[in-house]
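Please look over the structure shown below before reading on.

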Amino acid sequence: MMTNFKPTCDLQALKARAKLYQQIRQFFEQRDVLEVETPILSQAGVTDVHLASIQAQRHLQGKKLTHYLQTSPEFAMKRLLASGSGAIYQICKVFRDDEHGRKHNSEFTMLEWYRPHFSLKDLMFEVTDLLNVVLAERFGDVRPTVLSYKHAFIDRLDLNPLKATLSELKDAAHRVGLNLDLGDDRLAYIDLLFSHMVEPSLGFDTPVFLTDFPPELASLAKTKIDEDGELVAARFELYIEGLELANAYDELIDAAVLRSRFQADNAEREKLGLHVMPVDEYLLTALPNMSECAGIALGIDRLLMVVMNQMKLEKVITFPADVS
């Protein structure tokens, strides 16, 4: 018989979450950004090889269908943008299968917002303004620094991930004691080195906006040429105390390019024996009507960890997946 019915967080965390939601809503109301709500179930899912969607069965007009719980409200929100919504934000539940640990739960809360005609630099300024509202009691004045993915690698490992060969990446992994055999997957070695050697050091002196990712990690972002003439993804992530809090894109609005990325993802999924995901044709149809835009997804639960100076996600959520 299960006897531990109590939440893993305390009353202080519940009150801190309620305050955080109030601060966020007031922040966007003052900036005339509209709060929206979109479905959490969709007939299409994310194709990203590194994200696992949770499937759900439901009936539509008597027909049993497999749909997917959202890993992000991105696709639906972009359909709103393409329909003329203007700047929008959403606080919602998102789901990623088989994610559980100190800073993961398969169900978590996301703040996502989109700013038509904003550059990534504009968005960084707005994120900084938000941080100075919600983190003022803990940190006072927050002044993030900007660091490129490439230079973070060079500073920590003396290696440029945009140019490094597979052999050089393997040697670097072995040099720091990461003796995993990842075959010939160059990107997997980059991710291994980043997650173990670079990411844990980010954002301790001040929050860090990590920019200009390898082009293979563009996902739904545009690509561009950096100051050294190298192709990079036009995106940034926010780090505080080694914790990734947010992921932002200069949004790709070329439907043909995005379709090719979805197809490439699914080809890789098939190669790896993963479920091939249905592509969101509604999104691809909508994109030509969407303005140039910057968008960002921020993890509310992780932000609350920083607000409360907690090390474990379970301390800021009520019932993690293993006790819900």
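Which residues do ring pairs link into a cluster? Ring pairs join Y149, F153, F194, F213 and Y239 in this way. The model is predicted, so local features need pLDDT of at least 70 and side-chain atom pairs count only at pLDDT 80 or more, while totals for chains, interfaces and linings use all residues. Residues are numbered from 1 along each chain as its sequence is written, and side-chain values use heavy atoms, with hydrogens and water left out.

Rings of Phe, Tyr and Trp (its six-membered ring) pair if their centres lie within 6.5 Å; planes under 30 degrees apart count as stacked, over 60 as edge-to-face and the rest as tilted. By this rule there are nine aromatic pairs. One of them is edge-to-face because the ring centres of F194 and Y239 are 6.2 Å apart and the planes stand at 70 degrees. F194 belongs to helix α7 (residues 186-198) and Y239 to strand β10 (residues 231-240), so this pair ties together parts that are 45 residues apart in sequence. Helices (H or I, at least four residues) and strands (E, at least two) are DSSP runs, numbered from the N terminus. Both F194 and Y239 are buried, that is, under 20% relative accessible area with a 1.4 Å probe and protein chains only.

The rings of F209 and F236 have centres 5.1 Å apart and planes at 70 degrees, so they too form an edge-to-face pair. With F209 in strand β8 (residues 208-213) and F236 in strand β10, the pair therefore ties together parts that are 27 residues apart in sequence. F209 and F236 are both buried.

Another contact involves F213: the charged end of R235 sits over the ring of F213, 4.1 Å from its centre. The criterion is NZ of Lys or CZ of Arg within 6 Å of the ring centre and within 35 degrees of the ring normal.

Next comes a pocket. On a 1 Å grid over the protein atoms alone, a pocket is an open set of points where a 1.4 Å probe fits, with protein on both sides within 12 Å along at least five of seven lines; lining residues have an atom within 4 Å of a point. The second largest pocket has a volume of about 290 Å³. Among its 13 lining residues, A16, K19, V134, E137 and V307 are the closest to the centre. Helix α1 (11-30) gives the largest share of this lining, five residues.

Technical notes:
Points joined across faces, edges and corners; volume = space filled by probe spheres on them. Buried < 20%, exposed > 50% of the residue type's maximum accessible area, 1.4 Å probe, protein only.
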